[in-house]
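Me: I have a model open and want to learn how to read it. Take me through it feature by feature, please.

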Amino acid sequence: MSVKVSREELIEKIKAIIENEKFRLDGFFLCGFPTGAPNQVLQRACEKYIAIDEKGKPSEDDTKTLIEALEDSLKVESDVKDVNDITRSDDTVKYILQHKDMLFA
């Protein structure tokens, strides 16, 4: 049984990544939480995609830039070795990448 994924669901997941990276930024720099360094490249790519999406349809280049940032984020090794690190976005990123064709819709 195949579950249909909506573009709106992916947009919500992208927004969740933005919030997660903001939390990591605050936790890392302000509170001293061992969250690892925030991925500001990923955060900016997500924010740009959402900003464009709110005004109209993102271009193919904008979408490819987002996908590249998502893929690159999976390559980054975290300094945090804790498996239960709630600040990691890897599962969300993988989910979005599994359905990346919907970002072009």
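**Reading the helices and their packing**

Reply: Helix 2 and helix 3 cross in a left-handed way. Left-handed means that the near helix is turned anticlockwise from the far one by less than a right angle; clockwise is right-handed. A caution on the source: this is a predicted model, where local features need pLDDT of at least 70 and side-chain atom pairs count only at pLDDT 80 or more, while totals for chains, interfaces and linings use all residues. Residues are numbered from 1 along each chain as its sequence is written, and side-chain values use heavy atoms, with hydrogens and water left out.

Me: At what angle do helix 2 and helix 3 pack?

Reply: Axes are lines fitted to C-alpha atoms, for helices over the stretch in contact, and angles run from 0 to 180 degrees between N-to-C directions. Here the angle is about 150°, and the axes are 9 Å apart. That makes helix 2 roughly antiparallel to helix 3 (under 35 degrees is roughly parallel, over 145 roughly antiparallel, 65 to 115 roughly perpendicular, the rest oblique). Helix 2 brings Leu42, Ala45, Cys46, Lys48, Tyr49 and Ile52 to the contact. Helix 3 brings Asp62, Thr63, Leu66, Ala69, Leu70 and Ser73. Contact means heavy atoms within 4.5 Å.

Me: Which residues does Ala45 touch, leaving out those up to four places away in sequence?

Reply: Leu66 and Ala69. Ala45 lies in helix 2. Ala45 and Leu66 are 21 residues apart in sequence, yet their C-alpha atoms are 5.4 Å apart. Ala45 is buried, because its relative accessibility is 14% (buried is under 20% relative accessible area, exposed over 50%, partly exposed in between, with a 1.4 Å probe and protein chains only). Gln40 has 36% relative accessibility, so it counts as partly exposed. Its C-alpha is 7.2 Å from that of Glu21, 19 residues apart in sequence.

Me: How do helix 3 and helix 4 cross?

Reply: Their axes come within 10 Å and cross at roughly 140°. Helix 3 and helix 4 are therefore oblique to each other. The crossing is left-handed. Ile67, Leu70, Glu71, Ser73 and Leu74 of helix 3 meet Asp90, Val93, Lys94, Ile96 and Leu97 of helix 4.

Me: Which residues of helix 4 are buried?

Reply: Start with the general idea. An α-helix has 3.6 residues a turn, so residues three or four places apart point the same way. In helix 4 the buried residues are Val93, Ile96 and Leu97. They cover an arc of only 100° around the axis, which puts them on the same side of helix 4; the arc is that of the directions from the helix axis to the C-beta atoms. On the other side, Asp91 and Gln98 are exposed.

Me: What does Ile96 touch, not counting residues up to four places away in sequence?

Reply: Leu10, Lys13, Ile14, Ile17, Leu70 and Leu103. Ile96 also belongs to the largest nonpolar core, which has 19 residues (buried Ala, Val, Leu, Ile, Met, Phe, Trp, Tyr and Cys joined through side-chain atoms within 4.5 Å). Ile14, Ile17, Cys46, Leu66, Leu70, Ile96 and Leu103 have the most contacts inside this core. Helix 1 (7–31), helix 2 (40–55), helix 3 (60–75) and helix 4 (90–98) each give two or more residues to this core.

Me: What is the secondary structure of the protein?

Reply: It comes to 4 helices and 0 strands, in the pattern α-α-α-α. Helices (H or I, at least four residues) and strands (E, at least two) are DSSP runs, numbered from the N terminus. Of the 105 residues, 37% count as buried. Among contacts between residues at least 6 apart in sequence, 67% join residues at least 24 apart.
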